Amino acid sequence: MENQITICEAVTENDIAFFWKQLLELENGFKKEIGEEALTEEMQKRLQQAIKEGKITFFVARHGCRAVGMCSVAKCYSTFSCSDTGVYEDFYIKPAFRGKGIARKLAQAARTWCKENGISSLTVCCAPCDEKMYQALGFDVGLGTTFAHIE
């Protein structure tokens, strides 16, 4: 099955219509698995706009025409490096397709895209229980602890 998996830079302004339903299914599967509510219609509109504006790029793992996994890179500017950096998010693989090398392919596609697009570093924020998984995917430079203020 691993050889039947293809990875593509999925949702750009040109192909949002083709991938949107599948991407939304994956995004809501991810949210459900971590105990969050599905995207509302307003959130969906904002996400589509962010995709159109190039603020976030999704990568999709496909088995044939069916999307079975995803990740995204959100661009931001860092004064630390004085360049664009990326945040690796939305990492999710449907349970039936886990353990088949898809995670590595998605992470590699994201890293390659970052390099090709002048993004100097790619970071991920995760729960302590996921640290070893992300380290195995190449996120091996510790940058301290992340805190957030959410309103």
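A pocket, on a 1 Å grid over the protein atoms alone, is an open set of points where a 1.4 Å probe fits, with protein on both sides within 12 Å along at least five of seven lines, and its lining residues have an atom within 4 Å of a point. Its volume is the space filled by probe spheres set on the points, which are joined across faces, edges and corners.

The model is predicted, so that local features need pLDDT of at least 70 and side-chain atom pairs count only at pLDDT 80 or more, while totals for chains, interfaces and linings use all residues. Residues are numbered from 1 along each chain as its sequence is written, and side-chain values use heavy atoms, with hydrogens and water left out.

**Exercise 1. Describe the largest pocket and the residues that line it.**

Step 1. The space in the largest pocket comes to about 1100 Å³.

Step 2. Its lining has 36 residues, and the closest to the centre are Phe-30, Ile-34, Glu-89, Asp-90 and Phe-91.

Step 3. Strand E4 gives the largest share of this lining, seven residues, where strands (E, at least two residues) and helices (H or I, at least four) are DSSP runs numbered from the N terminus.

Step 4. Sorted by class, the lining holds 22 nonpolar, two polar and twelve charged residues; Ala, Val, Leu, Ile, Met, Phe, Trp, Tyr, Cys and Pro count as nonpolar, Asp, Glu, Lys and Arg as charged, and the others, Gly among them, as polar.

**Exercise 2. Work out where Lys-94 lies and whether Lys-94 is buried or exposed.**

Step 1. Find Lys-94 in the loop that runs between strand E4 (83-93) and helix H3 (102-116).

Step 2. Apply the limits, in which buried means under 20% relative accessible area, exposed over 50%, and partly exposed in between (1.4 Å probe, protein chains only). Lys-94 is buried because its relative accessible area is 14%.

Step 3. Apart from neighbours within four places in sequence, Lys-94 is in contact (heavy atoms within 4.5 Å) with Glu-25, Leu-26, Arg-66, Ala-67 and Val-68.

**Exercise 3. Identify which side chain meets that of Lys-94 in a salt bridge.**

Step 1. A salt bridge is a side-chain nitrogen of Lys or Arg within 4 Å of a carboxyl oxygen of Asp or Glu, and the structure holds four.

Step 2. The partner of Lys-94 is Glu-25, at 2.5 Å from N to O. This pair links distant parts of the chain, 69 residues apart, with Glu-25 in helix H1.

Step 3. Glu-25 counts as partly exposed because its relative accessible area is 47%.
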